[in-house]
Amino acid sequence: MHKTKILITTYNYLWSKFRVSFFLLIAFVPFALHAQSRMNTSATGSYKDKNIYEILTGLEATYNVRFCSDPELLPWYKLDYSFRNKTLHEVLKSLLAKHTLTYVPFNDSLVAVCRLQDLNGDYLRGLKDRFINGTIELPEFLKPVERTITIGEAPQSKTTDAKVRISGQINDDDTGESIAGANIMLNGSRVGQPTNALGQFRIDLPAGTSLLTIRYIGYRDTKINLSAWTDGEMEIKLSPLPLGLGEVLIEGNRASNKTQNVQTAVEALAVSTVKELPKLLGEADVVRSLSTLAGVSNVSDGATGFNVRGGNVDQNLTLQDDAPLFNTAHVLGLFSVYNPDVVQSVTLYKGHVPAKYGGRLSSVLDVKLRDGDFNKFRGNIGLSLAAARGRFEGPIIKKRVSIIAAVRRSYSDWMLQFAPLAEGKNSSAWFYDGLVKVTARLTEKSSLSVSAYQSKDFFRYGQKYGYGWGNQIFNATLRQPLGDRAVSVFQVNTGRYNANYFEPSSVNNFNLTNGVDYRNAAWRVVLIPNARNEINTGVQWNRNMARPEVLRPKQSISTILSQDVPKDKGEEFAAFVDDEFKLGTRWKLVLGARGVVYRHFGEKTVRIYKQGAPITNENIIDSINYRKGQTINTAGGVEPRVSISYKLDEKRSLKISYNRMRQYIHQISNLAAPTPVDVWQVSNTYIAPQTGDQYDIGYSSEWKDRKWELSSDLFYKTVQDVPIFKNLPDLLLNPNIETQLLAGEGRTYGFEISGKKNKGNRWTGWLNYTYVRTFLRTPPSVETVNKGDWFPSDFDQPHQINAYAKYAFNPSVTVGFNYTYRMGRPITVPNRVYSVGGVIVPDYSVRNNERIPSYRRLDFSLNADQNKSRISGAKFSFNISIYNVLGRNNPFSVYFEKLQDTYPKAYSLSVIGSAIPSIGMDVTF
Amino acid sequence: MINLKYIIALIALSALGIGCISEIQLDTEPGDLTTLVVDGDFTNSKSEHRLFLSRPNKYGVSKFEHVPNAKISINDDAGNKANYIETLSPELIPYYQLAANAMPAVPGRSYFIEIALEDGTMYRSAPQVMPIFVPLDTVRLNPRFVPRLGNGGIVVEDRLAFVEIQTPLPTASNPIYLRWDANCVYYFPELPLPGPLPPPTRQCYVTDFFNGQFVPLIELRNQGGSTFKYEIGNKFVDKAFEKGAYFNVIQRSVTAESFNYWKKLSKVSNPEGTVFDAPPGTLLGNISNVSNPDIGVLGFFEVSSVDTFRIKAFNNTLGPDFSVGIHCDEFDYYRGSDLECFDCLKLRNSTIVQPHYWR
């Protein structure tokens, strides 16, 4: 039965492909007939985290058969594979078919395994000859590195209960950099101990010989035959796999293991996931991908930035290699400025925020960029419907100095030719961003990296109006060891965010510019005094100088007069310390604090307002001039940061955290979705720093070696001194902007539940649900809005669901479905109308008294990625996406417009109101 | 208020017609409908001064309840005082009237009103100084084609007549704040109804406002001595031009407070879509509740100097590309369409009372 089936299958395939000669059939049929008995042998087996070559090797023992293959041509990726009471034929069929492999029995005990495209007589004969002659070699990268280390001398008389303590340091063999999060497993155990932030570990062993396996994603396994008779130390260097794994797998990040790490509500987003998620116009996007996480949302398609647990966009500290970005949007928010080709890791802190971060209330998005390759030149080129990308990296001096350079440029102008309006056709929209980063290994453990980044956006709508904005960052980072147990990181950043809005051709033509200049420096030390403690400490200085608002006529005929509105400057001096330590085997704690002194300084003329009266222009009674650099006022305080984790067992943990955060710079926006030219205002005499206190209780559990994860967080947050604008404020070009704002208070509460399937041969994905409420009010005072009552914030979207499911035909070919649901955000709509001067005036007497319709979106993507199957040569990846498959008109907002003398009518506006198919491709070399 | 231009920018980016705008119905809980709304002015005009007292209404309703039996007076800084009387307009709209010569309008002098409602509640406006007179020199019409996105994403070109004013700016005041009230009044004669004994036909005079009641206003600094040109609004080229229409422009020289009020009102009621748009909120004017200052008052009492200019336009005034066809024919009756052709009072803002300036 099975013999016949094999023959028919093989014959049909070969015949249909016209790729094999008749000789092949004749030559191997007799062997196939002989193979019947082995093929019908039934057996049971299970393999975890093995590549196909390793599974075939395992099957040889089970079925008493030899497999003959070219290991270099087999997929290298690892997978889980189990079978029960299956014949060898069934096992091979299910194992090989989905990886575009097949098998051909040479005889009863020898079976060839090869790629479908190699299936021809010449190849199979050659393979058999090489096998018989013993010339097939296992590629180096598939072999574990084996080392023997002896510490101390074997005693003459062996004592069975003696223990030894071994300390170790794990480094990258190429770069010398320490590897945090590598697993050290003892004697074949699957549960290991991770290395700390400095790549160090300490392990207690019985004296004698032990087998240690060190494993970290992207590196060859290293097996240590350790003979340890006394306490001692050892250094282990892991060899990187000969693949660009950094591009596709970042899952070894410590933050991704919610059960093991001590912090509440920290999310690590793998860059591979960013690239696999359905894309808009073919562009993978970090910020859009964030909105698939629990507790993260945005206003709608095309909105700038993102909102965490109902917080404002400006309450997120968005970092790129520790330098802040004040606007992460490209093309008015359709894309973000992070180029996924150079991103190494994406970590979002929503709950407990380490003390080294400060200055924002809601979250910290820490995006780290890659270093260039120290050994060889490589890169990639990508094309999508929106932009072209290129990345190039390699050694300037091999193993000493590397460079990585990446650039993106949109060609979105061509799309505007399809715009229905003449203005649209005459419009212009483009962006670019570019990065150059040079990293030098000064010694084996110290490095200096210098990077420069620039992005620029331009949008002009016909000849009517337009926006432009851009980011510039210069960064230098010096990393040095301080003895064996500490590393110091000294960093300086300088940058600028500038924006402009212009109307080029009307009688009121003008150009309005503003932005922020910043400088910051930080010195951090990571100290590991012992195996139970990890201390992060340091000092930081951060200066933000809001750039003047400058209004200029663009042409001489303009009726607009030049206007310059100077803005405030402020700086923070911070010292911080975090100590992450273990108490026993179950408790982990992070006790930390950040102390900040904030200084608002001149040059500035500060208005004095009548005491006890509303802060309005009418109540200015005096002014004081401060000279350049002179301190005007100070603020600040201590920000405790505490997180405690209790391990219920190896797979479940409970956590609780408390954070205090202060924010000294605020984006003053009159829209729920900020525009590029919204004013950045530092805290001053009248605008106090925002202070937020967040409490978080978390639960995490995992099953089946992290195949399944479940985590949940319950949170409550209060915010003091949040700027709330008065009714109908003038926010732009206002030298006394404090007259337009009131100090409000906010409260947020809710919970997040996240279920995740991390592993599986076919299906993986996650399902998140968030319930969050966010309210604001102005406390009783001489002036209030909304009568001092609580009102929902612009980002109060109580119910949020994100689901992502990925189906892998094989590891190279996957399809994904992403679904997002968010309850509509609040908006202020008129609740009465009145008439003045013949004008019917809508009156908005209650803030955020309505909600826009809910947001629902389903996306689809198909990814084919040779990076996951090919070892060498150019590798292609393709992506086909359909964004908003259901073509739903998800509203961005609701606005009101009057036609003739009727009352204002409400209109719902959707930026993307139909399904958007797209295609993108990448070539990696 | 949403920033319309930012949104249009996003729509334009979607470029392929993937964005969309659709009207939605809101079922919002009405706010306080007992708040007093004051709407009036005091000018140098030779005609009467009108003041309206009303209450707000639910969103979507454009009729407003008159507040009767109030006692209203105007006062100046010289101690003069004059009282309003309650009366009805020819269209039977109730209002409070101050006779043209009841109080002299003198630039530089300040004026305020006091209102006592029937229930005893007192209201008072903040004093305003009468601004300098700024004469209106010329008004002309500039015809242009303007494309817009119609239903189904089809581009439609509207024919619009832009109303341009020219005014010499005095040097005696800086800055100068100008606001304009403008409308178009056109002649619309009815057709006789078919049949043996049709009723006599009427001639209607229909008032159209510009740009959906957009409030044109501007702040001019350091431009005294120059001639200022400005397009204050536009009007669709339609049936109004068939039989002739008057374009009436009233130029008001207003105070800074009035300018700021109308600027905000304009943005609230008709967003320009610029980054300068005010976010939504309640717009309070210069009236306060003396009896209970915590209770807000809507509306504004304006003190201004005015000048009026009007031009008449016909079907051929704007050139051949902007001529309009015959709007009504007798077959409309049988087609069941355009009933306004046989009953001109069905047109919005129509009256059979001929304006005093009509020739």
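A residue counts as buried if 20 or more other C-beta atoms lie within 10 Å of its own, as exposed if 12 or fewer do, and as partly exposed in between, with C-beta atoms placed from the backbone. Helices (H or I, at least four residues) and strands (E, at least two) are DSSP runs, numbered from the N terminus. The model is a predicted one: local features need pLDDT of at least 70, side-chain atom pairs count only at pLDDT 80 or more, and totals for chains, interfaces and linings use all residues. Residues are numbered from 1 along each chain as its sequence is written, while chains are lettered from A and ligands numbered from 1 in the order in which they are written.

First, the overall make-up. Chain A carries 11 helices and 56 strands, and 47% of its 925 residues are buried. In chain B there are 3 helices and 20 strands, with 38% of the 359 residues buried. Contacts (C-beta atoms, placed from the backbone, within 7 Å) were split by separation along the chain. Of those with a separation of 6 or more, residues 24 or more positions apart account for 66% in chain A and for 70% in chain B.

On to the strands, which pair if DSSP finds at least two bridges between them. In chain A, β2, β5 and β4 form an open sheet of 3 strands in the order β2-β5-β4, with mixed pairing. Its edge strands are β2 (66-69) and β4 (101-107), each pairing on one side only. From one strand to the next the twist averages 30° (axes are lines fitted to C-alpha atoms, for helices over the stretch in contact, and angles run from 0 to 180 degrees between N-to-C directions). β4(A) and β5(A) (residues 110-115) run antiparallel and share 6 bridges; Val104(A) has Ala112(A) as its bridge partner in β5(A).

β36(A) runs antiparallel to β35(A) (residues 604-609), to which 6 bridges join it, and Lys604(A) is bridged to Tyr626(A) of β36(A). Glu603(A) sits in the loop between β34 (587-601) and β35 of chain A, and the peptide bond from Gly602(A) to Glu603(A) is cis, with omega near 25°.

Two other loops of chain A hold non-glycine residues with positive phi. Asp321(A), with phi near 50°, lies between β17 (316-320) and β18 (323-324); Asp321(A) counts as buried because 21 other C-beta atoms lie within 10 Å. Asn884(A) has phi near 60° and lies between β53 (875-883) and β54 (893-897). With 24 C-beta neighbours inside 10 Å, Asn884(A) is buried.

Technical notes:
Contact = placed C-beta atoms within 7 Å.
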